[in-house]
Amino acid sequence: MLKFVILLSAVACALGGTIPEGLLPQLDGRIVGGTATTITSFPWQISLQRSGSHSCGGSIYSSNIIVTAAHCLQSVSASSLKVRAGSSNWNSGGTLINVAAFRNHEGYNPSTMVNDIAVIRLSSSIAFSSSAKAISLASSNPANGAAASVSGWGTESSGSSSIPTQLRYVDVKIVSQASCASSTYGYGSQIKSSMICAYTVGKDSCQGDSGGPLVSGGVLVGVVSWGYGCAYANYPGVYADVATLRSWVVSAANSV
């Protein structure tokens, strides 16, 4: 859903869908400067769909639990949501499963974007295969500058209303919470302890990438959250910090 217009990269395609108005982010969430890929390279990636349209990304935590962003699940009922898993395309293939329930982090604040994480329970289990697999949660943060990737079906440029049909990804570098909040970048005190950043000049997540996975070292280290525009200079993409929020995810997954 919305990356909260601050993030997401990717190359939009002529056959792309249109992001429903209610799902547009305040911050951005698309893949800018990205490359088309297939789901077997990112088998944990899912498309969270509202009323039949792609709205956000997410990651498979277990056969019936998805991790996504809390801002993707505001003012929406579980009955209007579905998850497509196991497909490179958000609008076809794989398995489309109803959402049974979801839980947003109780400390999520839409004004500051702290604790922007949520879990979804599916009505039936995902059949794991080369196209659908769970990803482990990070227990510690990668080093500043570590290689990472972000994937999704988000727009390819800030402000765009068209999303690609095929999954895209972009390689980025981790920017630690301390570095992201420093004078090197433009956010300052807006970067909180529940956030981690990633940045590469000209590459980012964007609208429609919200809730999707930031992966480093083979584990989920971030959830696409917000940012100023997409791929704007000196404004890294901002993600919910999975290592910091890990205990909440584990507990919520058992109780949602």
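## Aromatic pairs and disulfides

Tyr187 and Trp226 are both buried. In this predicted model, their rings form an edge-to-face aromatic pair, with 4.9 Å from centre to centre and 65° between the planes. The pair links distant parts of the chain, 39 residues apart: Tyr187 sits in the loop between helix 1 and strand 14, and Trp226 in strand 16, which covers residues 219-226. Ring pairs also join Tyr187 and Trp226 with Tyr228 and Tyr235 in a cluster.

The count of aromatic pairs comes to 8. One of them is formed by Tyr185 and Tyr199, again edge-to-face, at 5.6 Å centre to centre and 70° between the planes. Tyr185 lies in the loop between helix 1 (177-180) and strand 14 (195-199), while Tyr199 belongs to strand 14, so the pair ties together parts that are 14 residues apart in sequence. Tyr185 and Tyr199 are both buried.

The count of disulfides comes to 2. The table gives their sulfur distances.

| Disulfide | Distance between sulfur atoms |
|---|---|
| Cys56 and Cys72 | 2.1 Å |
| Cys180 and Cys197 | 2.1 Å |

The link of Cys56 and Cys72 is left-handed, with -90° about the S-S bond, and both cysteines are buried.

For Cys180 and Cys197, the torsion about the S-S bond is about -85°, so that disulfide is left-handed. The pair links distant parts of the chain, with Cys180 in helix 1 and Cys197 in strand 14, 17 residues apart. Both Cys180 and Cys197 are buried.

Methods
Residues are numbered from 1 along each chain as its sequence is written. This is a predicted model: local features need pLDDT of at least 70, side-chain atom pairs count only at pLDDT 80 or more; totals for chains, interfaces and linings use all residues. Side-chain values use heavy atoms; hydrogens and water are left out. Rings of Phe, Tyr and Trp (its six-membered ring) pair if their centres lie within 6.5 Å; planes under 30 degrees apart count as stacked, over 60 as edge-to-face and the rest as tilted. Helices (H or I, at least four residues) and strands (E, at least two) are DSSP runs, numbered from the N terminus. Buried means under 20% relative accessible area, exposed over 50%, partly exposed in between (1.4 Å probe, protein chains only). A disulfide is a pair of cysteine sulfur atoms within 2.5 Å.
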